[in-house]
Amino acid sequence: MLRHPELDVTCTLIVGDGEALLVDTLSHAAQARALGAAARQVTKDPWWLVNTHHHFDHCFGNRTLVDPAGRGVWAHRHAAAQLAAAADELTARWQAQWAHLPDLAAGLAAVSPLVPDRLVDEAVTITVGGRPIRLMHPGPGHTAGDLAIYVDDVQVLVAGDLVESSGPPGFEDALVLAWPAALERLLAEFPAASIVLPGHGPAVGREFVERQQAMLAGLAALIVQGYAAGEPAGSVAARAAMPGALLAVQRGYGQLDAGACLGAGQAWDGPTGAEGVTCSALEAAGDVVCRRVGDPAAAHRGEF
Ligand SMILES: [Zn+2]
């Protein structure tokens, strides 16, 4: 794993026999070239790319690092769709957000994002140089299109920004109410001894992910209760007392306004509120236990 000093982004290189896999590609061409040079110290073999999600710091180096011989870029379908549909708008937003870091902002401005071409809906296992690698969408959380990567033979989980250890969770595009279930699914899916590589910050173990899951579940519960009680977002955020809480509550309220479910402590984002996330996708993931009001087409198990 490489930790880049800017934003403490992590990238992971998985080396097989004759080919490799590089998870996330940093923010712009110059950073990607440096990442490529570091990876070339480890392997001379060609590599596949994977993006854990569509945020610039994880995928804007794709074009620089993609294998010229045609090995493609894996990502969740929604992450690819976001980049295909809104790259200019997203780039403008991030340039403005990072204007106080002129090198980063200038690097972003020069990027023409390369949209991933190997798409994952739920989960797929690929073989890279003889090593099975599992690419899995545990449900929406940090974004609607998060992808986790599991390397079975060394029990390493690359979690992207579903887990961050050097800063608080990022809520800017988060599906706040669904995030706890996504982490719960990751915890259920992989052995307790797995090493977890966050999207930002040093490696962690299961206990860290459990704590982050509990914290996000507590936040989601506050949001659902506050919404049901008609409480202003600011006052819920003050009670949550964590960095980014106001944005998290505002996004949660927006998703509840748009039809996200309030049911049975399993609040999650329905089809109209989740930027393309469909009920059927979540249902296939086996996590759906509630019925969304006013949407008879969405046949979910359980009770509202
Ligand atoms: Zn992110």
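Ala-233, Gly-234, Val-236, Ala-237 and Ala-240 in helix α8 meet Ala-245, Leu-246, Val-249, Gln-250 and Tyr-253 in helix α9, where two residues are in contact if their C-beta atoms, placed from the backbone, lie within 7 Å. By class, this contact of α8 with α9 has eight nonpolar, two polar and no charged residues; Ala, Val, Leu, Ile, Met, Phe, Trp, Tyr, Cys and Pro count as nonpolar, Asp, Glu, Lys and Arg as charged, and the others, Gly among them, as polar. The structure is a predicted model, in which local features need pLDDT of at least 70, side-chain atom pairs count only at pLDDT 80 or more, and totals for chains, interfaces and linings use all residues. Residues are numbered from 1 along each chain as its sequence is written.

**Overall make-up**

- The protein has 10 helices and 11 strands, which are DSSP runs numbered from the N terminus (helices H or I, at least four residues; strands E, at least two).
- Of its 304 residues, 46% count as buried, a residue being buried if 20 or more other C-beta atoms lie within 10 Å of its own, exposed if 12 or fewer, and partly exposed in between.
- Among the contacts in the protein with a separation of 6 or more, 67% come from residues 24 or more positions apart.

**The α8 and α9 pair**

- The axes of α8 (residues 233-240) and α9 (residues 245-257) come within 8 Å and cross at roughly 130 degrees; axes are lines fitted to C-alpha atoms, for helices over the stretch in contact, and angles run from 0 to 180 degrees between N-to-C directions.
- That angle makes α8 oblique to α9, because angles under 35 degrees count as roughly parallel, over 145 as roughly antiparallel, 65 to 115 as roughly perpendicular and the rest as oblique.

**The six-stranded sheet**

- An open sheet of six strands has the order β1-β2-β3-β4-β5-β6, with mixed pairing, and two strands pair if DSSP finds at least two bridges between them.
- Its edge strands are β1 (2-3) and β6 (118-120), each of which pairs on one side only.
- Strands β3 (residues 20-23) and β4 (residues 47-50) pair in the parallel sense over four bridges, and Leu-22 stands opposite Leu-49 in β4.
- Helix α4 (residues 77-97) lies across β5 (73-76) and β6, running at about 105 degrees to β5.

**The five-stranded sheet**

- A further open sheet, of five strands, has the order β7-β8-β9-β10-β11, again with mixed pairing.
- Strands β7 (123-128) and β11 (195-200) stand at the edges with a single partner strand each, so one side of each is left without a neighbour in the sheet.
- From one strand to the next, the twist averages 25 degrees.
- Strand β10 (residues 156-164) pairs with β11 in the parallel sense over five bridges, and the bridge partner of Glu-164 is His-200 in β11.
- Helix α6 (residues 179-189) packs on this sheet, touching β9 (148-151) and β10, and its direction makes about 165 degrees with that of β10.

**The β7-β8 hairpin and Arg-131**

- Six bridges join β7 to β8, which run antiparallel, and Ile-126 stands opposite Ile-133 in β8.
- The two strands form a hairpin with two residues between them, and Gly-129 in the turn has a positive phi of about 55 degrees.
- Arg-131, found in strand β8 (residues 131-136), is partly exposed, with 18 other C-beta atoms within 10 Å.
- Leaving aside its neighbours within four places in sequence, Arg-131 is in contact with Ile-14, Gly-16, Val-151 and Asp-153.
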